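Here are my notes on this model, as numbered points. Please read them with the structure open.

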Amino acid sequence: MKLVFLLGIGVLVLLILAAQPRLSANPSSIKDIESYIEQSVARNKPPGISITVIKYGEIAYNRAFGFADGPAEIPATTDTVYHWWSMTKVPTAIAILQLHDAKILDIDDPVSDYLPYFIVELDSKPAPPITIRQVLRHTSGLPDTIPAMIGWVHFHDEIYNQTDLLQQHLPQYNQLKFAPDSKAAYSNLGYMVLGAIIESVSGQSYEDYIQGQVLKPLGMTNTGFIYTPQMYGKAAAGSHPMGSIYTPLLPFLLDTKPLIKERNGTQYWFNPFYIDATPSTGLIGSADE
(Lines give C-alpha, C1' and ligand atoms only; values in the text may rest on other atoms or scores of the structure.)
Protein backbone atom coordinates (compact mmCIF):
# COMPACT_ATOMS: atom_id res chain seq x y z
CA MET A 1 0.00 0.00 0.00
CA LYS A 2 2.89 2.36 0.78
CA LEU A 3 4.40 1.67 -2.63
CA VAL A 4 1.08 2.33 -4.39
CA PHE A 5 0.65 5.56 -2.42
CA LEU A 6 4.16 6.77 -3.27
CA LEU A 7 3.69 5.90 -6.94
CA GLY A 8 0.40 7.81 -6.94
CA ILE A 9 2.11 10.86 -5.43
CA GLY A 10 4.89 10.57 -8.01
CA VAL A 11 2.42 10.46 -10.90
CA LEU A 12 0.58 13.47 -9.47
CA VAL A 13 3.81 15.47 -9.20
CA LEU A 14 4.73 14.57 -12.80
CA LEU A 15 1.30 15.67 -14.02
CA ILE A 16 1.64 18.98 -12.18
CA LEU A 17 5.11 19.55 -13.62
CA ALA A 18 3.92 18.66 -17.11
CA ALA A 19 1.19 21.29 -16.84
CA GLN A 20 3.66 24.08 -16.02
CA PRO A 21 4.65 26.53 -18.74
CA ARG A 22 8.12 25.86 -20.11
CA LEU A 23 10.64 28.11 -21.77
CA SER A 24 12.79 26.74 -24.56
CA ALA A 25 16.49 26.53 -23.79
CA ASN A 26 16.97 28.62 -26.93
CA PRO A 27 13.98 30.98 -27.25
CA SER A 28 13.94 32.43 -30.74
CA SER A 29 12.36 35.78 -29.90
CA ILE A 30 11.23 38.16 -27.18
CA LYS A 31 7.70 36.95 -27.96
CA ASP A 32 8.67 33.42 -26.82
CA ILE A 33 9.84 34.80 -23.49
CA GLU A 34 6.78 37.04 -23.12
CA SER A 35 4.48 34.10 -23.87
CA TYR A 36 6.18 32.07 -21.14
CA ILE A 37 5.83 34.95 -18.65
CA GLU A 38 2.17 35.50 -19.55
CA GLN A 39 1.44 31.80 -18.95
CA SER A 40 3.27 31.96 -15.63
CA VAL A 41 1.40 35.00 -14.29
CA ALA A 42 -1.89 33.45 -15.43
CA ARG A 43 -1.05 30.64 -12.96
CA ASN A 44 -0.04 33.15 -10.25
CA LYS A 45 3.59 32.07 -10.48
CA PRO A 46 4.10 34.95 -9.80
CA PRO A 47 0.84 36.94 -9.96
CA GLY A 48 2.71 39.95 -11.32
CA ILE A 49 6.18 40.93 -12.46
CA SER A 50 7.97 43.99 -13.82
CA ILE A 51 11.03 43.43 -16.01
CA THR A 52 13.70 45.96 -16.96
CA VAL A 53 16.67 45.01 -19.13
CA ILE A 54 19.72 47.27 -19.35
CA LYS A 55 22.04 47.14 -22.37
CA TYR A 56 25.12 49.35 -22.65
CA GLY A 57 23.86 51.53 -19.80
CA GLU A 58 20.46 52.19 -21.40
CA ILE A 59 17.04 50.64 -20.85
CA ALA A 60 16.55 48.19 -23.71
CA TYR A 61 13.33 46.54 -22.48
CA ASN A 62 10.78 47.64 -19.91
CA ARG A 63 7.45 45.87 -19.46
CA ALA A 64 5.15 44.58 -16.73
CA PHE A 65 2.88 41.52 -16.64
CA GLY A 66 0.00 40.39 -14.45
CA PHE A 67 -1.30 42.11 -11.33
CA ALA A 68 0.36 44.12 -8.58
CA ASP A 69 -2.77 43.43 -6.52
CA GLY A 70 -4.88 40.55 -7.83
CA PRO A 71 -8.05 40.96 -5.72
CA ALA A 72 -8.15 44.70 -6.46
CA GLU A 73 -7.34 44.01 -10.14
CA ILE A 74 -4.53 46.56 -10.12
CA PRO A 75 -2.15 45.71 -12.97
CA ALA A 76 1.60 45.64 -12.51
CA THR A 77 3.41 48.50 -14.26
CA THR A 78 7.03 49.35 -14.94
CA ASP A 79 7.08 51.58 -11.83
CA THR A 80 5.27 49.19 -9.47
CA VAL A 81 7.10 49.11 -6.15
CA TYR A 82 8.20 45.71 -4.81
CA HIS A 83 10.22 44.44 -1.88
CA TRP A 84 13.76 43.83 -3.08
CA TRP A 85 14.29 40.98 -0.59
CA SER A 86 17.71 39.42 -1.13
CA MET A 87 18.70 41.84 -3.89
CA THR A 88 19.36 44.19 -0.93
CA LYS A 89 22.58 42.21 -0.49
CA VAL A 90 23.98 43.96 -3.58
CA PRO A 91 24.04 47.50 -2.09
CA THR A 92 25.21 46.01 1.22
CA ALA A 93 28.22 44.52 -0.58
CA ILE A 94 28.76 47.80 -2.47
CA ALA A 95 28.85 49.68 0.84
CA ILE A 96 31.45 47.30 2.30
CA LEU A 97 33.64 47.68 -0.81
CA GLN A 98 33.28 51.48 -0.71
CA LEU A 99 34.54 51.44 2.88
CA HIS A 100 37.38 49.11 1.86
CA ASP A 101 38.41 51.45 -0.99
CA ALA A 102 38.33 54.38 1.45
CA LYS A 103 40.63 52.35 3.77
CA ILE A 104 38.09 52.60 6.58
CA LEU A 105 38.09 48.81 6.77
CA ASP A 106 39.90 45.94 5.09
CA ILE A 107 37.84 43.03 3.80
CA ASP A 108 40.60 40.61 4.80
CA ASP A 109 40.36 41.67 8.44
CA PRO A 110 38.56 39.42 10.92
CA VAL A 111 34.96 40.38 11.60
CA SER A 112 35.75 40.42 15.33
CA ASP A 113 38.09 43.40 14.77
CA TYR A 114 34.96 45.48 14.15
CA LEU A 115 32.37 43.56 16.18
CA PRO A 116 33.95 42.40 19.48
CA TYR A 117 30.78 40.49 20.39
CA PHE A 118 31.10 38.34 17.24
CA ILE A 119 31.95 35.03 18.92
CA VAL A 120 31.24 31.82 17.00
CA GLU A 121 32.16 28.17 17.38
CA LEU A 122 33.02 25.26 15.12
CA ASP A 123 32.18 21.81 16.49
CA SER A 124 31.52 23.46 19.88
CA LYS A 125 35.05 24.85 20.01
CA PRO A 126 36.26 28.41 19.30
CA ALA A 127 36.15 28.93 15.54
CA PRO A 128 39.08 30.24 13.49
CA PRO A 129 38.82 33.95 12.59
CA ILE A 130 36.19 34.76 9.97
CA THR A 131 37.08 37.56 7.56
CA ILE A 132 34.76 40.12 5.99
CA ARG A 133 35.69 38.70 2.56
CA GLN A 134 34.46 35.26 3.61
CA VAL A 135 31.17 36.73 4.80
CA LEU A 136 30.75 38.60 1.49
CA ARG A 137 31.35 35.34 -0.44
CA HIS A 138 29.09 33.15 1.74
CA THR A 139 32.11 31.01 2.62
CA SER A 140 32.20 31.93 6.31
CA GLY A 141 30.34 28.86 7.56
CA LEU A 142 27.69 31.02 9.23
CA PRO A 143 24.27 29.36 9.20
CA ASP A 144 21.23 30.83 7.47
CA THR A 145 18.34 32.36 9.40
CA ILE A 146 15.60 30.83 7.23
CA PRO A 147 12.95 29.69 8.17
CA ALA A 148 13.02 31.62 11.47
CA MET A 149 13.50 34.87 9.56
CA ILE A 150 10.02 34.44 8.08
CA GLY A 151 8.77 35.37 11.53
CA TRP A 152 10.93 38.51 11.86
CA VAL A 153 8.23 40.84 10.59
CA HIS A 154 6.55 44.02 11.75
CA PHE A 155 3.75 46.10 10.30
CA HIS A 156 4.55 49.64 11.50
CA ASP A 157 6.76 52.10 9.62
CA GLU A 158 9.85 51.60 11.76
CA ILE A 159 13.43 50.54 11.15
CA TYR A 160 15.05 48.44 13.86
CA ASN A 161 18.60 49.03 15.06
CA GLN A 162 20.57 46.48 13.08
CA THR A 163 23.48 46.18 15.52
CA ASP A 164 21.06 45.46 18.36
CA LEU A 165 19.19 42.95 16.16
CA LEU A 166 22.39 41.06 15.33
CA GLN A 167 23.43 40.95 18.98
CA GLN A 168 19.98 39.62 19.84
CA HIS A 169 19.98 36.77 17.33
CA LEU A 170 23.68 35.84 17.02
CA PRO A 171 23.74 33.58 20.13
CA GLN A 172 21.15 31.32 18.48
CA TYR A 173 23.30 31.00 15.33
CA ASN A 174 26.84 30.94 16.72
CA GLN A 175 27.66 27.38 15.59
CA LEU A 176 29.35 27.34 12.18
CA LYS A 177 28.10 24.84 9.59
CA PHE A 178 31.62 24.25 8.25
CA ALA A 179 35.16 25.60 8.51
CA PRO A 180 35.60 29.01 6.86
CA ASP A 181 36.50 28.80 3.16
CA SER A 182 36.02 25.02 3.04
CA LYS A 183 32.78 25.44 1.03
CA ALA A 184 30.04 27.96 0.29
CA ALA A 185 26.51 28.16 1.69
CA TYR A 186 24.05 31.04 1.48
CA SER A 187 23.65 32.98 4.73
CA ASN A 188 21.28 35.87 5.47
CA LEU A 189 22.96 36.08 8.86
CA GLY A 190 26.25 36.89 7.13
CA TYR A 191 24.77 40.00 5.55
CA MET A 192 23.28 41.05 8.88
CA VAL A 193 26.87 40.90 10.13
CA LEU A 194 27.99 43.14 7.24
CA GLY A 195 25.25 45.63 8.08
CA ALA A 196 26.48 45.82 11.67
CA ILE A 197 30.05 46.36 10.43
CA ILE A 198 28.86 49.26 8.23
CA GLU A 199 27.23 50.80 11.30
CA SER A 200 30.34 50.25 13.42
CA VAL A 201 32.82 51.93 11.08
CA SER A 202 30.62 54.65 9.54
CA GLY A 203 29.02 55.97 12.71
CA GLN A 204 25.69 55.93 10.85
CA SER A 205 22.76 53.58 10.79
CA TYR A 206 23.00 50.99 8.03
CA GLU A 207 19.96 52.50 6.30
CA ASP A 208 21.28 56.08 6.40
CA TYR A 209 24.60 54.96 4.95
CA ILE A 210 22.95 53.08 2.07
CA GLN A 211 20.59 55.98 1.33
CA GLY A 212 23.36 58.59 1.39
CA GLN A 213 26.27 56.72 -0.18
CA VAL A 214 24.64 54.25 -2.60
CA LEU A 215 21.07 55.21 -3.52
CA LYS A 216 21.25 59.02 -3.54
CA PRO A 217 24.34 59.25 -5.82
CA LEU A 218 22.50 57.01 -8.30
CA GLY A 219 19.40 59.22 -8.24
CA MET A 220 17.30 56.44 -6.67
CA THR A 221 14.96 58.78 -4.80
CA ASN A 222 11.99 56.39 -4.73
CA THR A 223 13.85 53.41 -3.31
CA GLY A 224 14.22 53.01 0.44
CA PHE A 225 13.56 50.97 3.56
CA ILE A 226 10.20 52.54 4.52
CA TYR A 227 7.17 53.03 2.29
CA THR A 228 6.72 56.71 1.49
CA PRO A 229 3.24 58.00 0.47
CA GLN A 230 4.42 57.95 -3.17
CA MET A 231 5.62 54.35 -2.82
CA TYR A 232 2.41 53.20 -1.12
CA GLY A 233 0.47 54.44 -4.14
CA LYS A 234 2.47 52.15 -6.42
CA ALA A 235 3.14 49.23 -4.08
CA ALA A 236 2.52 45.63 -5.08
CA ALA A 237 0.59 43.55 -2.56
CA GLY A 238 2.60 40.61 -1.30
CA SER A 239 1.13 37.18 -1.98
CA HIS A 240 1.74 33.56 -1.15
CA PRO A 241 0.34 30.39 -2.78
CA MET A 242 -1.78 28.23 -0.52
CA GLY A 243 -0.19 25.11 -1.99
CA SER A 244 3.33 25.83 -0.71
CA ILE A 245 5.45 23.89 1.76
CA TYR A 246 5.69 27.09 3.85
CA THR A 247 1.92 27.63 4.12
CA PRO A 248 1.47 25.32 7.16
CA LEU A 249 4.21 27.30 8.94
CA LEU A 250 2.49 30.68 8.64
CA PRO A 251 0.30 30.38 11.76
CA PHE A 252 3.36 29.44 13.82
CA LEU A 253 5.84 31.94 12.39
CA LEU A 254 3.64 34.97 11.81
CA ASP A 255 0.83 36.84 13.43
CA THR A 256 -1.39 36.02 10.47
CA LYS A 257 -4.28 38.33 11.35
CA PRO A 258 -2.49 41.57 10.34
CA LEU A 259 -0.43 39.80 7.68
CA ILE A 260 -3.15 38.25 5.54
CA LYS A 261 -5.37 40.82 3.88
CA GLU A 262 -7.55 38.29 2.09
CA ARG A 263 -7.66 34.95 0.37
CA ASN A 264 -8.41 35.01 -3.34
CA GLY A 265 -8.63 31.68 -5.13
CA THR A 266 -5.43 29.78 -4.35
CA GLN A 267 -3.49 32.84 -3.12
CA TYR A 268 -3.12 34.62 0.18
CA TRP A 269 -2.69 38.38 -0.28
CA PHE A 270 -0.84 40.36 2.37
CA ASN A 271 -1.00 43.76 3.99
CA PRO A 272 2.25 45.79 3.77
CA PHE A 273 4.92 44.56 6.17
CA TYR A 274 8.64 44.82 6.85
CA ILE A 275 11.37 42.33 7.70
CA ASP A 276 13.26 43.32 10.85
CA ALA A 277 16.70 42.63 9.31
CA THR A 278 17.40 45.22 6.59
CA PRO A 279 20.99 44.53 5.33
CA SER A 280 20.01 41.15 3.90
CA THR A 281 16.50 41.88 2.70
CA GLY A 282 15.11 45.35 3.50
CA LEU A 283 15.01 47.54 0.39
CA ILE A 284 11.82 48.49 -1.44
CA GLY A 285 11.64 50.01 -4.94
CA SER A 286 10.68 49.64 -8.58
CA ALA A 287 12.31 47.57 -11.32
CA ASP A 288 12.56 50.72 -13.43
CA GLU A 289 14.51 52.60 -10.74
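1. What share of the 289 residues in the protein is buried? Buried residues make up 39%. Keep in mind that this is a predicted model. The protein exposes about 15800 Å², and carbon and sulfur atoms supply 58% of that area.

2. Overall fold content. The secondary structure comes to ten helices and twelve strands. Among contacts with a separation of 6 or more, 70% are between residues 24 or more positions apart.

3. Main core. The largest nonpolar core has 49 residues. Ile96, Val111, Phe118, Ile132 and Ile197 have the most contacts inside it. At least two residues of this core come from each of α3 (89-101), α4 (132-136), α5, α6, α7 (206-215) and β10 (267-270). Helix α6 gives the most, with eight residues. In soluble globular proteins, nonpolar side chains tend to be buried together.

4. Beyond its neighbours within four places in sequence, Phe118 is in contact with Val111, Ser112, Ile130, Leu142, Leu170 and Val193. Another core, of five residues, lies apart from the largest one. Its members include Tyr227, Met231, Tyr274 and Ile284.

5. Thr223. This residue lies in the loop between α7 and α8 (229-232). Is Thr223 buried or exposed? Its relative accessible area is 2%, under the 20% limit, so Thr223 counts as buried. Its side chain makes a polar contact of 2.9 Å with the side chain of Glu289. Leaving aside neighbours within four places in sequence, Thr223 also touches Trp84, Gln211, Leu215, Leu283, Ile284 and Gly285.

6. Tyr186. Look in the loop between α5 (162-169) and α6 (188-202). Tyr186 is partly exposed, at 42% relative accessible area. Which side chains make polar contacts with the side chain of Tyr186? One is Ser86, at 2.9 Å. Another is Lys89, at 2.8 Å. Outside the four places on either side in sequence, Tyr186 is in contact with His138 and Asp144 as well as Ser86 and Lys89. The C-alpha atoms of Tyr186 and Leu142 are 8.6 Å apart, although 44 residues separate the two along the chain.

7. Salt bridges. How many salt bridges does a search of the whole structure find? It finds five. One joins the side chains of Arg63 and Glu38 (3.2 Å, N to O). Arg63 sits in strand β2 (residues 58-69) and Glu38 in helix α2 (residues 30-42), 25 residues apart. Arg63 is partly exposed at 30%, and Glu38 is partly exposed at 37%. Glu34, Glu38 and Arg63 are linked in a network of salt bridges.

8. Asp69 and Lys261. Their side chains meet in a salt bridge (2.9 Å, N to O). Asp69 is in strand β2 and Lys261 in strand β9 (residues 260-264), so the pair ties together parts 192 residues apart in sequence. Asp69 counts as buried, at 10% relative accessibility. Lys261 is partly exposed, at 35%.

9. Asp79 and Lys234. The closest N and O atoms of this salt bridge are 3.5 Å apart. Asp79 lies in the loop between β3 (74-75) and β4 (81-83), and Lys234 in the loop between α8 and β8, so the pair ties together parts 155 residues apart in sequence. Asp79 is partly exposed at 31%, and Lys234 is partly exposed at 40%.

10. Surface patch. Ile146, Ile245 and Tyr246 form a nonpolar patch on the surface. Together they have about 310 Å² of accessible area. Tyr246 lies in the loop between β8 (239-241) and α9 (250-253). Tyr246 counts as partly exposed, at 34% relative accessibility.

Conventions. Residues numbered from 1 in each chain as written. Predicted model: local features only at pLDDT ≥ 70, side-chain atom pairs only at ≥ 80, totals over all residues. Heavy atoms only, no water. Helix = DSSP H or I, 4+ residues; strand = E, 2+ residues; numbered from the N terminus. Buried < 20%, exposed > 50% of the residue type's maximum accessible area, 1.4 Å probe, protein only. Contact = heavy atoms within 4.5 Å. Polar contact = N/O pair within 3.5 Å; in protein donor to acceptor, adjacent residues only side chain to side chain. Core = buried A, V, L, I, M, F, W, Y, C linked by side-chain atoms within 4.5 Å. Patch = residues over 30% accessible without salt bridge, like charges linked within 9 Å, V, L, I, M, F, W, Y side chains within 5 Å. Areas by Shrake-Rupley, 256 points an atom, 1.4 Å probe, with all protein chains shown as cover. Salt bridge = Lys/Arg side-chain N within 4 Å of Asp/Glu carboxyl O.
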